[in-house]
Amino acid sequence: VLFRSAFAYLHAATVFLGFGLLGASSMLVPYLAFRYGWSPADIGVYSAVILLVRLAVQSLLTEPAIRWLGAGRAVLVGIAMQACALLGAGLSVNGALFYASAILLVISGVGQLARSVVLNERVASADRGRMSAVHQSLIGLTGIAAPAVFAGIFAFVVDGDPHDLKVGLP
């Protein structure tokens, strides 16, 4: 039951999108300072804005979105939004576009919360612990590998012009 095709796709999406998210997060401060010339104060304001958006999404948007879309569609929409947001963040040529991508990424979190609903509906209670363990193991492994890969990529592109698209690769 843990590796039926639908769950295999969900695990693959978790790894690939988590790799981008965890890798990018690990390099966020040096990336923002290099790419956009943001100061520590700018990064602090950015962090506060993202925190407030995250609180609003979790407290005001998640339940109505899951009810309106249905849990399964909310997961798929969340995955698609997360992929678009990560691509947008990488291709952002200025801080305003990066902000927009980051806010879209936070909104895509509705899909992650809907994932729990889907799993609770479709996985027998006896298998939920194993499913959660597989998911957490994939996130843990991704969390170990992604920062090293992204640090290497950032070191490769940091010698270029901050506005080159290659700098958005990480």
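Q: What is the order of the elements of the protein from the N terminus on?
A: From the N terminus on, the elements run α-α-α-α-α-α-α, and the protein has seven helices and zero strands, where helices (H or I, at least four residues) and strands (E, at least two) are DSSP runs numbered from the N terminus. This is a predicted model, in which local features need pLDDT of at least 70, side-chain atom pairs count only at pLDDT 80 or more, and totals for chains, interfaces and linings use all residues. Residues are numbered from 1 along each chain as its sequence is written, and side-chain values use heavy atoms, with hydrogens and water left out.

Q: Why is α3 called roughly parallel to α5?
A: The axes of helix α3 (residues 40–69) and helix α5 (residues 95–107) come within 9 Å and cross at roughly 30°. Angles under 35 degrees count as roughly parallel, and therefore α3 is roughly parallel to α5.

Q: Which residues of α3 and α5 make the contact?
A: With contact meaning heavy atoms within 4.5 Å, the residues of α3 include Val45, Tyr46, Val49 and Arg54, while those of α5 include Phe98, Tyr99, Ala102 and Ile107. By class, the contact of α3 with α5 has 13 nonpolar, no polar and one charged residues; Ala, Val, Leu, Ile, Met, Phe, Trp, Tyr, Cys and Pro count as nonpolar, Asp, Glu, Lys and Arg as charged, and the others, Gly among them, as polar.

Q: What percentage of the 170 residues in the protein do buried residues make up?
A: Buried residues (under 20% relative accessible area, with a 1.4 Å probe and protein chains only) make up 35% of the 170 residues in the protein.

Note on methods
Axes fitted to C-alpha atoms, helices over the stretch in contact; angles between N-to-C directions. Parallel < 35°, antiparallel > 145°, perpendicular 65-115°, else oblique. Buried < 20%, exposed > 50% of the residue type's maximum accessible area, 1.4 Å probe, protein only.
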